[in-house]
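Trainee: Could you walk me through how to read a structure like this one?
Mentor: Gladly; let us look at it together.

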Amino acid sequence: MAEEEFTDINGNSISLDCQTHSAFCREFIVTSPKLSLRKVMVYTCFIWLFAYAVFFFTENTAVLSSAILLTLAGMMIHIHFVKVDHETLLIIGSLGVQLSSSYASGRESTTFIEMSKLKDIVINEAVYMHSIIYYLCILIKDPAEPETVTSIVPLFQSSKPRLNCLVQVYRSCQEILAQTR
Amino acid sequence: MGNRRRGHTHAPKTPPSLDTHSPNTLRHSDHEQGVKHRICMVSDFFYPNMGGVESHIYQLSQCLIEKGHKVVIATHAYGDRRGIRYLTNGLKVYYLPLQVMYNQSTATTCFHSLPLLRCVFVRERITIVHAHSSFSAMAHDALFHAKTMGLNTVFTDHSLFGFADLSSVLTNKLLTVSLCDTNHIVCVSYTSKENTVLRAALDPEIVSVIPNAVDPTDFTPDPSRRDNSKITIVVISRLVYRKGIDLLSGIIPELCGKHPDLCFLIGGEGPKRIILEEVREKYQLHDRVRLLGALDHKDVRDVLVQGHVFLNTSLTEAFCMAIVEGASCGLHVVSTRVGGIPEVLPDELVTLCEPSVQSLCDGLEAVIARIRTGKVASPATIHRKVRTLYTWRNVAERTEKVYNRVCRESVLPLSARLHRLSSHCGTVAGSIFSFVAVINFLFLLFLQWLRPDHLIDVAIDASGPHSRLGQHVSSWDDRTPLHDAALQGRLLPLRRLLSQGYNVGMATLDGITPLHEACVGGHFTCAKLLLEHGADANAVSFDEATPLFSACCSGNPALVSLILMYSSAHHPAHLLSSPLHEAAKRGHTACVELLLSQGVNVDMEVPSIGTPLYCACESKSTDCVQSLLISGADAQCGRGLDTPLHVAARVGGAKEVELLLEHGADQSSRNSEGKKPLELTTDQTIKHLLQTAEDGVCVYTVTGNPWERKLRPRCEHLQRRVRGGGLPRARSSGCNEHTTTKLLLTM
């Protein structure tokens, strides 16, 4: 329904798309910017220039062909395992939460957490690299022991939206969780 | 405080004007009462590590929070304990993942901690960085970075140093560099101040003395725990050279020889334990000298109350906390006259001796003689005297004055800092550290380019004036006079404030506007005035309340109709409640009728609280139920499978049950637990009503369309068949008349 402009913790703009399917079911899609052509070009140029420099001194053509292979393989791995296009959080009251992230290559990975295992959805703070960030996470409980948190599942791990975006998702999620309890 | 200090200061080595209570501070103190600081305490030493510095930081922070300041603590990660933790009263602790080098102190490279500390300072909007302990490398790093970032700095020194050996010379040089451009330094005693001023070559003007404190409620006397057939001397200290354990090993055999009823109780652990064990072995004193080993802080009091005399043999001490704890437990204190100890306790509570075996023995014997003749004060008297001497509130008050003073000072720009460094710290060290300072500044610029300040999210406060921990208290802080006038319905002040140019749409952090307040208070004239001045009638607060919602809560029909005139939305897009539900719940019939006349959907079901009719039945407001039913509310629609009839029966509203039955409620429908309304009540009147209805003496006064009226009896017949005949349940939830009708038509 609503689509707003937010930024991630590094200042790149991302978009949050909230869809209300019914009173009990909402979907949040965080879309990161597409793989920029310039970045790809710069990386490729660097590797090839380096390879050419090595070739210039060694005069071994294997260097050039391996550079080409390396670039291709690197790009494949990047779009298949690293670069996430959008991340989706689908929350369905009384049923559970589905998290999916779709990679630039089109590969999708999906996990589902059923309601009985879900303790709460909260915003937490953590030390990440050389900074301290807010992130949204799901607290998982063991249905046998409802009071203890057994593990934590971070949400929007690759897009890392900033606090204002997280707060919006958090509020909507809490609305649904409040009804199912 | 000045008087009290003079009371037990033996040698007033500094003129009074150098204290924190200089006339300058007093003059400004009035208008600075309200200034709230955002303080970051930095030290390598914090819980779970235990000790004097740790508890000092914790207690001081708690008292500052109590005074309304915002305090966060930054320390390094302790094993598994890393990240961000909250302690009592929203005290936030950053356990930063920095590498520990030696003795719980981090490595100091001057640079590697900058990114994380900058992030903490920026996101918490810190104004004052307060570093603790000269042993803590992280504290010095933080001072260095804070000065680079242009923040005010305060440093508390907790220990005394020598001047002679190489390690002290090096530490002193580092301290000189670190403190030469720090705004203010706090020492725990006058001796410590003297020491620090000399070591770091400081201007005494910027050094204040604020002693430590004990929590007197933790250390209370208990004379019943003493064994009065003997005289017990308690020693609690780390068993190291600095604490004078060699003296102790000389005292024990001498006194034990003279007094056969003397016992020693020694708590603590350390490398000098072996000496004490040797003495014990040599003189066969196993039954009279007990070595307790390392003690937890909580067990200290239990040991202290068993003794008559507390002995401290320290060779150097900045401010001896142990003797205050001993005195607080009602023990008479015998101590060496070293460091800051003479300042700590008044003369009648402590016997001071020279740090030699002979002098200490003489002192102890004098005290023992006094105990034998009964000429000593009772433990309760001693405790009463000590209790008021050193409290953390007092420490916090004095620290606050330091902060107020520091805030007025400007932070040196880079060029002035470089000049200060080279003029204060000698040529070699000065130029080295000037270079380091420049590099640090460039590194900061690089970090600011890499991740600008505006990209770092401002942290949500857990303490201080904008704390979100106690929401109810804090949401009142950012209210304007307009909010207050509107809530209390004071029309004239409101008009005056508006004419003074107060913005009518001024919202608090929670998004509450003055119009919300006027509606909560139910003040028609105030709301009218605000609306005429252009207040937004559709403003939504953080709790998703609109003015209409608040007006329905207060139940003034004139106000509701006024708001309806200005606002467009009847029901904001949220799912927890609605104006109609609130009015029905609170029995404001006039409001309900008004809303219904505006075309609000009467059967609107909110998942968590049901339909308005259900709410009205739940709160037993008969008038509301009646008007809702007359306006065409479906008598079967409640919350999920729970019908209004169920809830009316459960709460015992006989009149509501009667009304519902008159309007065609089905007394045989079952709720989610499979129960009929009849099974939910104990009230005889309701039972009778429901039973008569079951026998079929039900009068239908349906006001719906004729088609529905015709169908309804058949519908119900069908429902019974469906339920009884094992067919899939047709009524899944709420009002499924249409589904049933469809079913009927297809059959």
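Trainee: What should I know before I start reading?
Mentor: This is a predicted model, in which local features need pLDDT of at least 70 and side-chain atom pairs count only at pLDDT 80 or more, while totals for chains, interfaces and linings use all residues. Residues are numbered from 1 along each chain as its sequence is written, chains are lettered from A and ligands numbered from 1 in the order in which they are written, and side-chain values use heavy atoms, with hydrogens and water left out.

Trainee: How many residues of chain A are in contact with chain B?
Mentor: Contact means heavy atoms within 4.5 Å. Here 19 residues of chain A are in contact with 26 residues of chain B.

Trainee: And what is the area buried between chain A and chain B?
Mentor: Buried area is the accessible area (1.4 Å probe) that two parts lose on being put together, summed over both. For chain A and chain B it is about 2,000 Å², with 58% given by carbon and sulfur atoms. Glu125(A), Ile132(A) and Arg162(A) supply 30% of the area that chain A buries against chain B, more than any other three residues.

Trainee: How many salt bridges are there between chain A and chain B?
Mentor: Start with the idea: side chains of opposite charge can pair when their charged atoms come close. The rule asks for a side-chain nitrogen of Lys or Arg within 4 Å of a carboxyl oxygen of Asp or Glu. Between chain A and chain B the count is three. Arg162(A) pairs in this way with Asp457(B), with the closest N and O atoms 3.0 Å apart.

Trainee: Is Glu175(A) buried or exposed?
Mentor: Buried means under 20% relative accessible area, exposed over 50%, and partly exposed in between (1.4 Å probe, protein chains only). Glu175(A) has 11% relative accessibility, so it counts as buried. Arg26(A), also at 11%, counts as buried. Compare another salt bridge, Lys34(A) with Asp85(A), where the closest N and O atoms are 3.6 Å apart. Lys34(A) is exposed at 59%, whereas Asp85(A) counts as buried at 13%.

Trainee: Where does UniProt place the "transmembrane region" in chain A?
Mentor: UniProt positions are given in the numbering used here, feature names are shortened, and annotations may be inferred rather than shown by experiment. The unreviewed UniProt entry places this feature at residues 40-57 and 63-82 of chain A. Residues 40-57 are 100% helix and 0% strand, with end C-alpha atoms 26 Å apart. Residues 63-82 are likewise 100% helix and 0% strand, and their end C-alpha atoms lie 26 Å apart.

Trainee: Which residues does Ala518(B) touch?
Mentor: Not counting residues up to four places away in sequence, Ala518(B) touches several residues, including Ala486(B), Cys526(B) and Leu559(B). Ala518(B) lies in helix α21 (residues 514-521) of chain B, and it is buried, with a relative accessible area of 0%.

Note on methods. Helices (H or I, at least four residues) and strands (E, at least two) are DSSP runs, numbered from the N terminus.
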